[in-house]
Amino acid sequence: MKMMSLDELKKEAFKNPHFKKEYDALEDEFQFIATLLTMRQKAGLTQDLLAEKMGTTTRSIIRLESGSGNPGWKTLQKYAHACGFKIQLQYTH
């Protein structure tokens with residue numbers, strides 16, 4: 001049995017229209033998580049250091065960055081401020 005690379009696996013999975021539709025529906029969430037990770041990395045912080053700056057646990061940061069949490073606005077602001085950023089809400093039509 002041949003092992004597939006991640007790119008090969010994704011290419012194969014995207015052939016399924018249901019999978020592609022569900023994946024595309026999560027695009028905004030994936031982008032948001034990528035933004036969080038970018039903020040932390042630009043700040044030069046580990047998850048442990050960020051948790052300490054926010055007064056929370058590393059586990060909370062892991063949940064937030066994995067998309068398995070449901071953070072409130074204040075939590076997102078604390079995350080951004082701890083990384084040296086300010087967040088703004090935008091909307092498009």
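**Note on helix α3 and its packing**

1. In α3, the residues I33, L36, L37 and R40 meet L64, E65 and S66 of α5; contact here means heavy atoms within 4.5 Å. By class, this contact of α3 with α5 has four nonpolar, one polar and two charged residues. Ala, Val, Leu, Ile, Met, Phe, Trp, Tyr, Cys and Pro count as nonpolar, Asp, Glu, Lys and Arg as charged, and the others, Gly among them, as polar.

2. The model is predicted: local features need pLDDT of at least 70, and side-chain atom pairs count only at pLDDT 80 or more, while totals for chains, interfaces and linings use all residues. Residues are numbered from 1 along each chain as its sequence is written, and side-chain values use heavy atoms, with hydrogens and water left out.

3. Helix α3 covers residues 27-42 and helix α5 residues 58-66. They pack at about 135°, with axes 8 Å apart. That makes α3 oblique to α5 (under 35 degrees is roughly parallel, over 145 roughly antiparallel, 65 to 115 roughly perpendicular, the rest oblique).

4. Which residues of α3 are buried? They are I33, L36, M39 and R40 (buried is under 20% relative accessible area, exposed over 50%, partly exposed in between, with a 1.4 Å probe and protein chains only). Down the axis of α3, the buried residues fall within an arc of 120°, so they line one face. They pack against α4 (47-54), α5 and α6 (73-82).

5. The face of α3 turned away from the buried side carries exposed E27, D28, Q31, Q41 and K42.

6. After α3 comes G44, with a positive phi near 70°.

Methods:
Axes fitted to C-alpha atoms, helices over the stretch in contact; angles between N-to-C directions. Helix = DSSP H or I, 4+ residues; strand = E, 2+ residues; numbered from the N terminus. Arc of directions from axis to C-beta.
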